[in-house]
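Please consider the structure shown below, together with its sequence.

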Amino acid sequence: MRRQIPLLITFVVGTLLIVSVFIPPFGELETTFNIWFDIIAVFAFFLGGGNLLRVHIDKLRKKKRDWPFSIVTIAGFVVMLAAGLFKINNPGDIASAVDAPGSLFSDIFNSVQYPLSATMYSLLAFFVASASYRAFRAKNREATLLLIAAFIILLGRTPFGVLVTSWVPDSTSLLQIPNMAIWIMNAPNLAGQRAIIIGIGLGVISMSLRLILGLERSYLGGEK
Amino acid sequence: MPNLGVIISLLIIFGGLAWLLFRSLTGREVKRRVIFVFIFVAVAAPILFPITFEEHATPVVRDLFDRIETLPRGSRVLISFDYDPAMAPEVQPMANAISFHCLTRGHKVVCMCLWATGQTLLSNTINDVILPEFPNIIDGVDYVNIGYKAGNEGVLNVIVSDFKKMFPTDVNGVPLDSVPIFDEINSCADFDLIVALGGGRPGPKEWVLFVGDPADVPVGVGVAAVVAPQLYPYYPRQIIGILGGIKGAAEYESELAHRHEQFADMDKPGLNMMGPQTLAHITIMAFIVIGNIAFFTGRRRKDR
Amino acid sequence: MKHKLMIGVLFVLFGMSSLWAQTEPVEADSAVVDSTELYPAPVSHLRATDKPNDHGHAIVVEWETSADDGGGKNNVVLYQVFRSMSFDGPFDSVGTAPAGEGRFEDIGSKDRSSSSFIPDDTDLFYQIDAVTADPAIRTPSDILDPVQSSGQWFNTGRVPVLVAVLIFGLLTGIFVTSAKRGRELYVRPIGGIEAVDDAIGRATEMGRPILYVLGLGTAADVATIASFTILSRVAKRVAEYQTELIVPTYDPIVMSVAQEVVKSSYFDAGRPEDYKEECVFFVTQSQFAYVAAVNGIMLREFPATNVYMGKFYAESLLLAETGSLAGSIQISGTDEIAQIPFFIVACDYTLIGEELYAASAYLGREPKLLGSLKAQDWAKAAVVVLAIVGLVAANFGWLEFPTLFRVID
Amino acid sequence: MNRSTYIVAAVVVLLFALSWVLHTLAMSGEADGVTRAFMVTMAAFLTLAIYSFLYKDNAFYKLAEHLYVGVSAAYWMCQGFWSTIVGNLIPRLSEGASNFFQQPYQASSWNVAYWIPVILGIMLLMRLTKNYGWMSRWPLALIVGTTAGLNFVRYLRSDFIVQVSSTFVPLLGDKELHPWLGFGAFVSNLDLSATGQLAALATNWVVFLGVICGIVYFFFSKEHTGVFGRASRVGIWILMITFGASFGYTVMGRISLLVGRITFLFRDWLGLIS
C-alpha cells in the first residue's frame, strides 16, 4: 500500500498531463499543477530549515569540530527569518514587498548575501585558469582536440589572434584565427551540441515514460 | 603615473610568466596559488591603471567603419536600439561609438527602438555622448529620437514603405512633418545606412530580412557576442559589417580614436573592458602552453 | 474572370466607401465635410472563423487590407476590430491590428464574469474600421454574418507530437516485454561507472570518506532521479566496505529521498545498524552558499572520492577544482550541456549527458530498464534515418517533407 | 589556537573598525551614513574572506561560509512564504486571512482544490516524525508525476522534433544566401562571408556528419566496433571540440565577474578609482 498509492498518483498525474497537451479543454491543468508544485515546495523549505537547525544544534550540543561557527549559522538564519517574516523595518505596510529598499531584510541581503554570491561566482575566474593549466594537456587525441579548440577560441578573442594571422589573404579569411574561432562555434560546436541535445531529449522522454509506468522507482527510496 | 603602473604590472606578469616557463623547462610544476595570483594581477592591474591594447579592426568591423567614414556629409543614418540592460555592457559601447562617429562626420542621425527596454539605453547614449560632445547640435536638424513603437516585425513592415505612418511624432510629441530631418525621408529606403544594434528578436536579422533586403538599404549590425556567428552568412551582401561583442566594440573604438582626435580623449568602455580580458586571456593561454611544456618535459624525463 | 470579379468588387466597395464618407462626417465632425477624399477605402473579403485547436472562446478574423493601405492614398495606420452580440450593436472595440496586417485573433476569457468573456455557441458579429492617423477619419466595413466559437476536443496542430509519443511508447513496450521474457540485451561499458567501485575501494584503503553530491536538481529532475540509482549503488558498496559517506543536499525533498535510498542500501547490504541519518543532510537552497559549504567540507574532511551526479550549473568547476585541490578522485555526470566541459577538464571520469541516464540502467541490469534503453537506441536510429531522408529532401526540392515536422502551437 | 591567530584576528577587527569609521566620516551628513558605512565594510570584509579561501581554508572563510548558509536558507524561506503562500495560496483559501495580508481575495468554486497541496505539504513535513515518514512519498509522487508528464511532451517537441528537423540542411549550398559564382570562385575563396561558398558547404557537411556521428556515440545497446566504432570515434572527437570551444568561449564571461568584484573593492570600498 505504501508504495502502490504513490505509484498510482504518479501514473494518473503524468498521464493526465500528457493527454492535456492534445485535448484543449485540459489545457489549464499544467498551470494548476505548477501552482500546487510551488506550494508544496514552500513546505519543503520548512522541512529544510528544520533539518538545518537540527544539524547545527546537534553540532553545538556535541561540541563537534568547528562548533562555534554553528552559532553563526543559527544566528544568521534566525535573524534573517525574523526580518523577512515580520518585515522588520519595512517602510511599507504588510502588503509591501518583503525586500522593499530600506527594510532589514534587503539590508542584510545587500550587505551579506549579495556580495557573498557575487564573490563565490567570481572565484570561477581563478578556477578556469587553474583548470586550464592543470588539465589542458595533450595526453591523447581527444585531449588534444579539446585543447586546440579551446586555444583557438581564446586566441580569437584577443588582439593577438588578429595580429598573428593578419597576413592571410582575405580570400582565404577562414584561416584567420578570429574567423576560425567563429567557424568552430558555428560548425563542429553546433553539431556536438545538437547530438547531445537529441540524446538528452530521448533520455528524458524515456525516463519520464518509465516513471509514469512505474518501471523506475528509485525516487521512492527503498522497499521497506 | 599611470604609465609607470602599467609598466610595472606588465613587467610582473610577463616577467613572472617567463620565470615560470623556465621553471617548467627544468621540470617543476607550478603551484595553484601562483596561478591565482597571476589571474588576480592580470585583472586588477588594468582596472587600477587602465591598460588598453592596440586593437586592429578586422575586415568585418572596418567595412562598417569605412562606410560611415566615407558617406558624404549630411547622409541620413538610422540607428535602432533593440536590446535590454543585460546586453548593454556589450552593445552600449558600440551604440556610443557609432553615434559619435555619425555625428562627427556630419550625418543626420535618427534613433529608434523596437524593444521597450531600449528607450532608457537610447536616452543614455543621447545624454552621455551626443549632448555633451556636440553642444551645438540641434534636435530635429542633426539628430532626432523617435522612441519606441510596439509591434516588433510589424513595425518594420510598415516603416519600410511609410515611416510617418508608424511614427507620426518624435519622442517629444513633435510631428515628424515639422522635423527637418524628415523633410526628405518617407520610408526606410530614403536612408543611406541603417545600423541595427541588439542581439535578440526582433533584432539585426529582422532588420535585414524585413527592411534591408526589400528596400535595398545597406545594414550594419552591432550584436552581443553569442549571436554574432549566426550573422556571418549575411555578410557582406546583406550586412555590410558586423561588430560582435565587447571585442567588436573595442575594435571600432580603436579605429575611431585613430582617425578622430576628439574621440581619443573620450571614455572608451569597450577598450577599457578589453584590458583585463586580454591580459587574463593571455595569462590563461600562457599557462596552457607552460602546462604542456611541463607535461612533455616531464614525460621525456620519465622515458629516460 | 477572377480579376474582373475582383475589380467589380473593388468598384462596389469604392462606391460604398464614398457613400460612407459622404454620410459619416456630417455626424462626426462637420468641420471636415469637404475633405471626403481623406477617408480610406474599407477592408474587403472579411471573414471570421472559430479559432481551431483550442478550448473555445476565440474567433479568428481575417480580411483583405484596404486599397489605401500600402497603395492609393496610403493613409491607413491601423485596423480596429469591433464585436457585438447582435447585428444592431452595440459594437465593442476588441483590439487593433497594424496596417499591412489582415488577421486578428479575438481571444476572449472563459470566465463568465470577465469583461472580455466570449460565449461559445452564440452568434457574434464583427466589423472592422480602417483608421487613419487622425482617429476621427476612419471607414467601417460591412457587418459580417454571424459566427460562433466552439471548443475542440483534439488539437490537430500537434499530430506530429502525438505520432512521436505513440511510436516511442510502442517501442518501449515491445523491448521491455521482450527483455522481461529473458532476451539478453547488451549494454556497452560506461567508463565513469566502472570507476566507481575502484574509487570506493581506494577510499576504504585510505580510511577517508566518500562525498556524494546530488547537484542542484529537484527530486523530479531526470538527472537527479538517475543519480538516486547511482547513489544506491555507491551506498551499498560503502556499507559493505564500512567506509564513511557524506551527502550534503541542496533541496529538502532530495534530502528526504536520499535518506531513504541510503537507508535501504545499508539494509540491502545487511548492515542496517551502521546507517546514520545525519550522513545525508540539508545545507541551503542557495546555489553559491551550497558551494561554499561543500567546498568547506572537501578541505576539512579530505574525502578520497567525490562523486558529482545530477544537475549542475556554474558551481561545477568551483566544486571540481576544489576537489582536485583536496587530492580526491573525482567522478562526475550531468546533462547540463554548458557544464560538461568543466567536468571533463577537472574530473577523472565524466558521464556525458545521456550516459548519466544510461548508467542507472547499466547498474541496475533490470530487464525493464535495459528494454527502455534499447527503445531509446531505436529512436536514435530513426533520427539518423530521418536526417538522411530530410537531407535528400532538402537537396532535391521536396519541400513538403520538413513541414511534416512542424508543430503548430 | 596559537598566538599568530589572535594577532591576525585583532588586525582584521581593527581594519574593519577603521574602514567603518572612515566610511562613516566620508558619508557624514547623509541619512543613516553609519548603517551604510557598515554595509560597505561588511560587504568588503565578506568578499575578502571568500577570496582568502584561495590561499587555504581558514577561520574567516568558515565564518563567511556559515553566515552565508544561515542567511540564504532563511532568505528563500521568506521569499517562498510571501510570494507563494501569501501571494498564491491564501487568496484562494480564506477571505479573512487575505484581508489580514491585504491581498485581493480570488473567489472561485474551484478553490477547494487548493487544500490538496496544503495537505500534501503537511504530509511532506511528516518526514520529521519517526513513524509517519512514509507519508512524504505522496507529495513526492505528485511532483514526479507532474514533471514526468510535462517533460515527456516538452522534450519530444522542442528538443527532439525541432532539433532533428533543423538538421535538414542543404548540403549542396543555399542558393539564397550563397549564390553560385562559378567554379573558380568556389575553389579559390575560403571565406565565412556570403562569397565563401566552400566554407558554407563545409559548415553544412560538418554539422550533418557531426550530428550523426555524435548520435552514434550515444548508442548504448550495440558494440562500438567496425564502421560503427569508427563513427562513434569521430563522434567523440566532435564532442571534444564542442567542449573545448565552449570552455574557451566561457572564459570571457568569468573574467567579467572578477572585474565586477575587483571594481567593487577598488571603487566602492577603497575609493582608488572613480
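In strand S11 of chain C, C:Lys311 is the bridge partner of C:Gly215. Strands (E, at least two residues) and helices (H or I, at least four residues) are DSSP runs, numbered from the N terminus. The model is a predicted one, in which local features need pLDDT of at least 70 and side-chain atom pairs count only at pLDDT 80 or more, while totals for chains, interfaces and linings use all residues. Residues are numbered from 1 along each chain as its sequence is written, and chains are lettered from A and ligands numbered from 1 in the order in which they are written.

Strand S8 (residues 210-215) of chain C runs parallel to S11(C), and five bridges join them; two strands pair if DSSP finds at least two bridges between them. Within S11(C), C:Thr305 stands opposite C:Ile210. S11(C) also pairs in the parallel sense with strand S12 (residues 329-334) of chain C, again over five bridges. Here C:Gln330 of S12(C) is the bridge partner of C:Asn306. Between S11(C) and S12(C) the chain passes through helix H7 (residues 315-325) of chain C, in a right-handed β-α-β crossover; right-handed denotes that, with the strands pointing away from the viewer, the path from the first strand over the helix to the second runs clockwise.

The whole sheet is open and consists of six strands of chain C in the order S10-S9-S8-S11-S12-S13, with parallel pairing. Its edge strands, each pairing on one side only, are S10 (280-282) and S13 (349-352) of chain C. On average, neighbouring strands of this sheet are turned by 15 degrees against each other, direction ignored. Axes are lines fitted to C-alpha atoms, for helices over the stretch in contact, and angles run from 0 to 180 degrees between N-to-C directions.

How is S11(C) covered? Seven of the seven residues in S11(C) (305-311) are buried, a residue being buried if 20 or more other C-beta atoms lie within 10 Å of its own, exposed if 12 or fewer, and partly exposed in between, with C-beta atoms placed from the backbone. Helix H6 (residues 287-301) of chain C lies across S8, S9 and S11 of chain C, at about 165 degrees to S9(C). Chain C as a whole has 11 helices and 13 strands, and 51% of its 409 residues count as buried.

Chain C also meets chain A: 56 residues of chain C are in contact with 46 residues of chain A, where contact requires C-beta atoms, placed from the backbone, within 7 Å. On the side of chain A that touches chain C, H8(A) gives the most, with 14 residues.

B:Leu243 lies in strand S6 (residues 241-244) of chain B, and it counts as buried because it has 31 C-beta neighbours inside 10 Å. Not counting residues up to four places away in sequence, B:Leu243 touches several residues, including B:Val61, B:Met94 and B:Tyr252. The C-alpha atom of B:Leu243 is separated by 9.0 Å from that of B:Val91, 152 residues apart along the chain.

Conventions: Two residues are in contact if their C-beta atoms, placed from the backbone, lie within 7 Å.
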